Amino acid sequence: MATAARMGRKVTVATCSLNQWALDFEGNLQRILKSIEIAKHKGARYRLGPELEICGYGCWDHYYESDTLLHSLQVLAALLESTVTRDIICDVGMPVMHRNVRYNCRVIFLNRRILLIRPKMALANEGNYRELRWFTPWSRSRQTEEYFLPRMLQDLTKQETVPFGDAVLATRDTCIGSEICEELWTPHSPHVDMGLDGVEIFTNASGSHHVLRKAHARVDLVTMATTKNGGIYLLANQKGCDGDRLYYDGCAMIAMNGHIFAQGSQFSLDDVEVLTATLDLEDVRSYRAEISSRNLAASRVSPYPRVKVDFALSCHKDLLEPLSEPLEWKYHRPAEEISLGPACWLWDFLRRSQQAGFFLPLSGGVDSAATACLVYSLCRQVCEAVKNGNQEVLADVRTIVNQISYTPQDPRELCGRILTTCYMASENSSRETCNRATELAQQIGSHHIGLNIDPAVKAVVGIFSLVTGTSPLFAVQGGSSRENLALQNVQARIRMVVAYLFAQLSLWSRGARGGLLVLGSANVDESLLGYLTKYDCSSADINPIGGISKSDLRAFVQFCIERFQLPALQSILAAPATAELEPLTNGQVSQTDEEDMGMTYAELSVYGRLRKVAKTGPYSMFCRLLTMWGHICTPRQVAEKVKRFFSKYSANRHKMTTLTPAYHAESYSPDDNRFDLRPFLYHTGWPWQFRCIENQVLQLERREAQDLDGVD
């Protein structure tokens, strides 16, 4: 009796996370080729890459330049020509101009022939994203046009035109449809109708950045997409610093029928990470077969144009091919996210800026201690990567320390090479903060310097006194608030000047080559309120904690005590936050941050989220806080708190225009550069808004008085 030949139905597909860099066309090409090579080695017949991976996502206004389009086409030509891309469907991202309009596209090709150019249909245009500034969404659903290839591609592909638009690929054994990043987040994502029209494999190329506590959002969207409609879903994402404030956090994944089958890392020093899964198409078909509501909808859906591809993702002899097993997604705790994400961001800045390390003013407080711990975490990750055989990391660290035979093994030893910390004392500094800074520097191994800025402060104030014939005094000495603030600011600004001097010359003084990147350590809450001196130590080259709240930083420091065994952090956590810019009282600190600000850090986080995330102005914030804080505050107290915040916030808004570029990790960042676009010259009295609040408070107080009268 003859045995029927079993048709192939198992498919091996690949997705990846790449650490691409804006406009690094050579490096981007090599990382794409390496990912394709790894995918093929793992048996994959389809490879998906991140959004705009050829040029790098963060090109911003370089997208306007014809050079960016030209070099992207040149890289595409190199990919088409490479033998590495043979016998695997390659899905790459790049900008494409079609009929004088720029589109954010996927270019899908196989064996030197372009199968489809699929433009993005829903552009990200909120928060940090400005895609509508550079690109136009493709608005012709289920329609394609002919795209005339440039001559450099015609010569390679022997094609004059290729399909451009909203279509799907029909291979010999399945159907594949593309989504691009934002399209997954829209109310009616393309995968819904594509799935109803028989698409079995969905792909999503993303350029999605890290925000604390948000990893679950992508995972939930992907699993829900395949739970409701069945199917296989691949998500690729960029990973690393693209040359800006954002850190793209990987998390590539492969899902099927509501379950995760492959999980990529969220943070790592690997420039190329490839995930594969072997899945059975029959599992998709049987899953869909019993969802009657889906099948009824499928019978009415409008069909997608299909591009026929004479290629199969499966093979006939796959009976013994093992299938991938579902897994449970593993999430990092927020403190772990902080220990990993900003540290990886620092690594990209350090190696790509070709500097020799970091310089950090270490005050003995929580913020600068947390920043020092991030560099120490980076050193731990570098040592671990080298131990695991990462040759790219080894080559980079050897370049940084300028020693060709160096192999890092001990994080403390590496920290001593790449981190210089400095305690800048003044007559207003306490012995306790000095000791805390010194002890932490010893425990992480940084090269530590102690110095006193009093001679420089006296010299600068002396110039003012010489010219004006007046000598300003601190408030405790009888001076006005203006004098008091000026004397605090001159100390802070001199620390910035000293920091940059030592960053440029401290390695030279030790006979070593290179300069150091100056690290800032102002947290997101202080920046929001403007509780910092313009052009002081908050002015630095980069700030790894500028998008992180004080409460999260304290949790991170506690995490470091336990994970990194750094007991010096215990006394730092226990001490009150202080700027130490006013005279001591009997040798003890008399100034605290929260007293200076007139509000707590916890309150600041609430104001920040209401202002940015909940989009409230003064009156709406007052109304929200009436219910949130009604059990601890009277309406009058709530009103005074809201007025105090908005008055200080608006008076200091100009400082946001000069904030050091900071790692973006929090949804209420006040970064004026791209994320939080608002004026920086306000009427700080907010007369109309505050009058509305005052009227409401008076009504509430009258009502309360009437209620009391009624009780009598």
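Trainee: How many of the residues of β18 are buried?

Mentor: First, a word on the source: this is a predicted model, in which local features need pLDDT of at least 70 and side-chain atom pairs count only at pLDDT 80 or more, while totals for chains, interfaces and linings use all residues. Residues are numbered from 1 along each chain as its sequence is written, and side-chain values use heavy atoms, with hydrogens and water left out. As for β18, seven of its seven residues are buried, and the strand is mostly covered. Buried means under 20% relative accessible area, exposed over 50% and partly exposed in between, with a 1.4 Å probe and protein chains only. Strands are DSSP runs of E with at least two residues, helices are runs of H or I with at least four, and both are numbered from the N terminus.

Trainee: Which way do the side chains of β18 point?

Mentor: Leu419, Thr421, Tyr423 and Ala425 point one way, Thr420, Cys422 and Met424 point the other way, and all are buried. In a regular strand the side chains alternate between the two faces of the sheet.

Trainee: What is the order of the strands in the open sheet?

Mentor: The order is β19-β18-β17-β20, four strands with parallel pairing. β19 (447-452) and β20 (517-518) are at the edges with a single partner strand each, so one side of each has no neighbour in the sheet. Two strands count as paired if DSSP finds at least two bridges between them.

Trainee: How many bridges join β17 to β18?

Mentor: Four bridges join β17 to β18, and the two run parallel. Within that pair, Phe358 stands opposite Leu419 of β18. β17 (residues 358-361) also pairs with β20 in the parallel sense, over two bridges, and Val518 in β20 is the bridge partner of Phe359.

Trainee: And how many bridges are there between β18 and β19?

Mentor: β18 and β19 pair over six bridges, in the parallel sense. Met424 stands opposite Leu451 in β19.

Trainee: Which helix lies across β18 and β19?

Mentor: That is α13 (residues 431-444), which runs at about 170 degrees to β18 (419-425). Axes here are lines fitted to C-alpha atoms, for helices over the stretch in contact, and angles run from 0 to 180 degrees between N-to-C directions. β18, α13 and β19 make a right-handed β-α-β unit. Right-handed means that, with the strands pointing away from the viewer, the path from the first strand over the helix to the second runs clockwise.

Trainee: Is Gly450 buried or exposed?

Mentor: Gly450 counts as exposed, because its relative accessibility is 63%. Gly450 is found in strand β19. Gly450 and Thr421 are 29 residues apart in sequence, and their C-alpha atoms are 8.7 Å apart in space.

Trainee: A change of topic: how many bridges join β1 to β15?

Mentor: Nine bridges join β1 to β15 (residues 272-280), and these strands run antiparallel. Asp280 in β15 is the bridge partner of Lys10. β1 (residues 10-18) is mostly covered, with nine of its nine residues buried.

Trainee: Which strand is joined to β1 by three bridges?

Mentor: That is β2 (residues 46-48), which runs parallel to β1. Ala14 stands opposite Arg47 in β2. Together with helix α1 (residues 25-41), β1 and β2 make a right-handed β-α-β unit. Two bridges also join β1 to β11 (residues 232-241), again in a parallel run, with Gln238 in β11 as the bridge partner of Leu18.

Trainee: Now the helices: at what angle do α10 and α11 cross?

Mentor: The axes of α10 (residues 366-387) and α11 (residues 391-401) cross at roughly 130 degrees and come within 8 Å. That makes α10 oblique to α11. Angles under 35 degrees count as roughly parallel, over 145 as roughly antiparallel, 65 to 115 as roughly perpendicular, and the rest as oblique.

Trainee: Which residues make the contact?

Mentor: Val382, Ala385 and Val386 of α10 make it with Val393, Leu394 and Val397 of α11. Contact means heavy atoms within 4.5 Å.

Trainee: Lastly, where is Ala170?

Mentor: Ala170 is in strand β8 (residues 168-170), and counts as buried at 16% relative accessibility. Leaving out residues up to four places away in sequence, Ala170 touches Arg306, Val307, Lys308 and Val309.
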